[in-house]
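My notes follow in the order I looked things up.

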Amino acid sequence: MDRRHFLYAAGLGSVAMTSGCVPSARKSQPPVFQVPRLRLSRDRIVKETVGLRPFRASGPRIEKEMLGNKTIVHNYGHGGSGWSLSWGTGHLARELVLATGVKKVALLGSGTVGLATARLLQEKGCEVTIYTKDLPPNVTSSLATGTWSPASRVCDPKVATAAFRQQWEAATRYSFRTFQFLLGMNDIAAWVDEYNVSHQPPTGQPDPSLGGEVFHLDGLVPERQTLSRRQHPFGAPYVTWRSNMMFNIPSYLHYQLSTFMMLGGKLTIREIKTLEDIDALPETCVVNCMGLGAKAIFNDEELTPVSGQLACLIPQSEVTYKLNVPGANIISRKDGIYLGGNGLVGNWDTTPKREYTEKWVDVIQQVMNEMRHA
């Protein structure tokens with residue numbers, strides 16, 4: 001028995017290559033993935049939350065408009081792709097700000113999009129004041145899954161224009177490049193193994209429950225690989241694998257906010273409810289990163305919530321992978337193992353429903369029961 005197999009047998013091998021990719025002794029043979037079994041039960045659920053994704057059918061709003069003598073730069077409406085696109089759309093918004101020549105900038109919102117945009121403005125010498133009703137963890141960005149998914153509910157593909165596609169590609173590439181410089185910094189971003197497991201053959205169409213997205217860029221994250229039955233322990237006949245990026249949300253938001261303050265950023269706790277509140281701000285250039293908060297203030301009828309519930313399991317150190325199955329998914333982070341799988345368009349209710357959690361537990365438990373070994 002070689003050292004890697006010995007460590008796995010002793011319960012340590014799962015940390016060798018994320019979820020335990022153990023290469024065969026023969027180079028010509030494909031790798032075998034040894035996936036630690038998740039300990040799953042309802043009494044291990046310690047938290048349930050509901051986040052509201054700010055969805056616009058035409059895609060995020062990144063444009064400039066005038067409000068009296070103030071310039072408003074919009075950067076909101078990212079759907080489920082805010083974490084992934086934050087640096088890219090922040091860069092596009094920054095270009096609009098820099099074109100004004102103004103250096104003192106107000107920024108509305110302290111979620112991941114707002115913080116990334118503020119940091120980018122600081123890089124160009126802007127003096128930024130963030131105005132926000134709440135701080136992390138009391139923001140929508142704290143209620144996300146935290147995986148690289150730049151096309152997750154980012155738009156309605158039936159109405160997306162060629163101009164939007166071009167904008168999305170630019171934002172995606174910029175974000176991806178920026179995240180590569182954050183890897184290795186206190187685990188705020190990391191690569192993990194992601195498995196898609198199903199009893200049904202792939203249809204060829206993107207399946208959101210299996211990590212499918214309508215838009216895709218080659219050359220960023222590795223392509224999914226179909227695994228043979230001998231390469232994985234799952235009981236289902238259709239299994240794919242790829243490496244993907246994950247964000248440890250609490251540490252990431254703390255890092256962003258701390259760095260913003262360290263670089264001289266200012267922070268004011270103030271709820272913005274009306275255009276008059278914006279007009280009263282001393283800054284003449286205002287960046288709007290309010291997410292759903294922009295709907296009423298700017299009369300954006302296109303903006304609508306897509307609610308997503310998450311249930312958090314106690315962390316399990318050897319479980320470091322993401323798993324997508326029809327009807328449910330899990331992602332392991334430092335602060336817990338998160339179960340999810342729903343997206344309710346137009347739903348403003350942030351009250352968790354226990355029946356969703358119980359369904360996901362049952363679905364994932366069945367997958368664990370079918371695994372051929374621990």
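This is a predicted model: local features need pLDDT of at least 70, side-chain atom pairs count only at pLDDT 80 or more; totals for chains, interfaces and linings use all residues.

**Helix 2 against helix 4**

I started with a helix pair: helix 2 and helix 4 (residues 162-180) pack with their axes 7 Å apart, at an angle of about 110°. An angle from 65 to 115 degrees counts as roughly perpendicular, so that is what I wrote down for helix 2 and helix 4. I also noted the handedness of their crossing, which is right-handed. On the helix 2 side, the contact is made by W83, S84, L85, S86, W87, G88, T89, H91, L92 and R94. Helix 4 brings Q167, W168, A171, T172, Y174, S175, T178 and F179 to it.

**One serine up close**

I picked S86 next, which is found in helix 2 (residues 82-98). Is S86 buried or exposed? I got a relative accessible area of 0%, and the cut-off for buried is under 20%, so S86 is buried. I then checked what its side chain does: the side chain of S86 reaches the backbone oxygen of W83 at 3.1 Å. Leaving aside neighbours within four places in sequence, I found S86 in contact with T112, V113, A116, S175 and F179.

**Helix 4**

I went back to helix 4 for a length check. At 1.5 Å a residue, its 19 residues should span 27 Å, and the end C-alpha atoms are 27 Å apart, which agrees. Which residues of helix 4 are buried? I listed F164, W168, A171, T172, Y174, S175, F176, T178 and F179. What do they pack against? My list has helix 2, helix 3, strand 8 (189-198), strand 10 (238-247) and helix 5 (249-262).

**Helix 3**

I ran the length check on helix 3 (residues 112-123) too. Its twelve residues should span 16 Å at 1.5 Å a residue; I got 17 Å between the end C-alpha atoms, which agrees. Eleven of the twelve residues are buried, so I put helix 3 down as largely enclosed by the rest of the structure. The buried ones are T112, V113, G114, L115, A116, T117, A118, R119, L120, L121 and Q122. I also looked at what follows helix 3 and found G125, with a positive phi near 85°.

**Whole protein**

Last, I stepped back for the totals. I counted eight helices and 17 strands in the protein. Of its 374 residues, 50% count as buried. Among contacts between residues at least 6 apart in sequence, 76% join residues at least 24 apart.

Key. Residues are numbered from 1 along each chain as its sequence is written. Side-chain values use heavy atoms; hydrogens and water are left out. Helices (H or I, at least four residues) and strands (E, at least two) are DSSP runs, numbered from the N terminus. The expected span of a helix is 1.5 Å times one less than its number of residues. Buried means under 20% relative accessible area, exposed over 50%, partly exposed in between (1.4 Å probe, protein chains only). A polar contact is a pair of N or O atoms within 3.5 Å; within protein, one must be able to donate a hydrogen and the other to accept it, and residues adjacent in sequence count only if both atoms are side-chain atoms. Contact means heavy atoms within 4.5 Å. Axes are lines fitted to C-alpha atoms, for helices over the stretch in contact, and angles run from 0 to 180 degrees between N-to-C directions. Angles under 35 degrees count as roughly parallel, over 145 as roughly antiparallel, 65 to 115 as roughly perpendicular and the rest as oblique. A crossing is left-handed if the near helix is turned anticlockwise from the far one by less than a right angle, and right-handed if clockwise.
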